[in-house]
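Dear colleague,

Please find below the structure that I am handing over to you. My notes on what was found in it follow directly after.

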Amino acid sequence: MHALLGQSIDSLDSPQLLVDLDVVDGNLATLQLACSQIGVALRVHFKSLKCANLALYLKRQGVDRFLCAKLNEAEVLIEAGLTDVFIANQIIGPKKLHRLAELCRNTGVSVCVDDSDNVKYLSEAATAAQSTVGVLVEVDIGMNRCGVAPGRESLELVQQIAASPGLQFVGLQGYDGHLQMLADHQERRVKCLQGLDALIATRRLIESQGIAVQVVTGGGTGTWEFVSAFPGMTEIQPGSFILMDCAYHTVRPEFGCALSIMSTVISRRDGRYVLDAGSKSISRDFGTPVIKDHPAETVVKLSEEHATVLCRNGDAPRVGESREVIPAHCCATMNLHRSCVAVRRGTIEAIWPIEASGRYW
Ligand SMILES: Cc1ncc(COP(=O)(O)O)c(C=O)c1O
């Protein structure tokens with residue numbers, strides 16, 4: 001593999017997952033600048049990356065806070081030496097609680113809760129492991145996924161956490177996942193601000209009871225600008241903005257698409273061609289991918305190992321030529337691959353394992 005470093009991407013076999021580092025740098029710089037001007041922290045969601053070397057690459061550029069969706073993602077980050085890790089999810093069951101409590105020993109790992117029994121079991125696991133688990137209460141601000149109601153219900157859970165040995169109350173999470181892809185910018189803004197009103201009112205209620213709220217975190221790539229500017233929010237937690245995809249790019253054109261699947265034309269007929277990459281290497285849960293730099297070529301079908309592409313100008317590339325496919329969902333595409341190739345201006349800079357891909361517990 002190392003023989004490929006410094007070579008052109010033409011020396012790679014296909015299909016191959018590429019990460020364009022110049023585009024990553026630009027996306028990160030855009031959000032880092034905005035966050036520093038506003039005075040809010042940036043926590044990057046690792047579920048979009050799943051690759052320790054990519055997280056370490058971001059760390060070298062000043063990112064030291066990471067978010068995870070899964071316990072195994074947090075384990076990958078801690079193993080890589082990244083310590084400020086927040087699992088924005090409920091960790092349930094004795095096996096996982098034991099793993100979490102062990103992970104929290106001497107690290108800055110924190111976790112979300114939305115259930116009184118879970119708080120009790122988490123406290124017992126932390127006490128048994130002689131560790132301290134940082135805890136954020138997940139507040140449902142309209143997504144109707146996890147989370148307790150804003151206001152009194154959240155306060156009661158916070159009071160339970162504050163009284164539980166082995167736990168340290170850190171703050172609140174309110175994620176507006178239902179708004180991320182809303183096409184209408186103004187509607188997305190208005191609905192986002194409504195949810196944040198409820199979240200910050202909950203913060204004030206908790207503080208009125210003499211309990212400090214250090215962190216209030218939320219937002220994603222689709223709502224980052226509204227969440228970051230909202231008084232009382234301390235942190236935003238987007239992930240997709242780093243790699244991006246063609247679905248998010250339609251609502252957030254300020255971020256470039258850094259992720260692509262390099263593939264080869266294996267068949268061609270009048271006005272159409274077929275690539276050697278399909279739904280097993282390009283996620284299609286958020287829609288159809290696009291062909292990079294070839295707007296007249298449209299993907300019309302993804303089967304397991306084939307992408308069928310129509311050429312509007314009738315001029316199909318020849319068999320053996322290559323194309324880069326930009327997926328419609330970067331996070332799910334990272335989960336389909338076991339390694340990615342980091343490239344800069346067409347040259348291979350590194351080949352990185354994607355350690356947390358394909359792991360579900
Ligand atoms: C808890 C949480 N925070 C933030 C995000 C934002 O991620 P993205 O920027 O990729 O939309 C997500 C996405 O699933 C999430 O579940």
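A polar contact is a pair of N or O atoms within 3.5 Å; within protein, one atom must be able to donate a hydrogen and the other to accept it, and residues adjacent in sequence count only if both atoms are side-chain atoms. The model is a predicted one, in which local features need pLDDT of at least 70 and side-chain atom pairs count only at pLDDT 80 or more, while totals for chains, interfaces and linings use all residues. Residues are numbered from 1 along each chain as its sequence is written, and side-chain values use heavy atoms, with hydrogens and water left out.

I begin with the ligand. A polar side-chain atom of Lys 47 lies 3.0 Å from an oxygen atom of the ligand, and one of Arg 145 lies 3.1 Å from a ligand oxygen atom. Gly 239 takes part through its backbone, with an N or O atom 2.8 Å from an oxygen atom of the ligand. On its own the ligand has 390 Å² of accessible area, and the protein covers 90% of this; such areas come from the Shrake-Rupley method with a 1.4 Å probe, and for residues only the protein chains shown count as cover. There are 16 residues around the ligand, of which Thr 221, Gln 237, Gly 239, Ser 240 and Tyr 248 come nearest. A residue is counted here if one of its heavy atoms lies within 4 Å of the molecule.

Next comes the interior. A nonpolar core is a set of buried Ala, Val, Leu, Ile, Met, Phe, Trp, Tyr and Cys residues joined through side-chain atoms within 4.5 Å. Buried means under 20% relative accessible area, exposed means over 50%, and partly exposed lies in between (1.4 Å probe, protein chains only). The largest nonpolar core has 109 residues, and Leu 58, Leu 100, Val 137, Leu 172 and Leu 243 touch the most other members. Helix α1 (residues 21-38) gives the most to this core, with 6 residues. Helices (H or I, at least four residues) and strands (E, at least two) are DSSP runs, numbered from the N terminus.

Ser 260 belongs to strand β11 (residues 259-269). Its side chain and that of Glu 324 are joined by a polar contact of 2.7 Å. Leaving aside residues up to four places away in sequence, Ser 260 touches Gln 16, Leu 17, Leu 18, Glu 324, Val 325 and Pro 327, where contact means heavy atoms within 4.5 Å. Ser 260 counts as buried because its relative accessible area is 3%.

How many disulfides does a search of the whole structure find? The search finds 0, a disulfide being a pair of cysteine sulfur atoms within 2.5 Å. For Cys 246, the nearest cysteine sulfur is that of Cys 257, 6.7 Å away. For Cys 340, the nearest is that of Cys 51, at 4.3 Å. Cys 340 is buried, with a relative accessible area of 0%.

Finally, some details of the backbone. A cis peptide bond joins Ser 14 and Pro 15, with omega about -5 degrees; Pro 15 lies in the segment before β1 (16-20). Lys 50, which is not a glycine, has a positive phi near 60 degrees. Lys 50 sits in the loop between β3 (44-45) and α2 (52-59) and is buried at 7% relative accessibility. Arg 345 also has a positive phi, of about 45 degrees, without being a glycine. Arg 345 is in the loop between β17 (339-344) and β18 (347-353), and is exposed at 68% relative accessibility.

Yours sincerely
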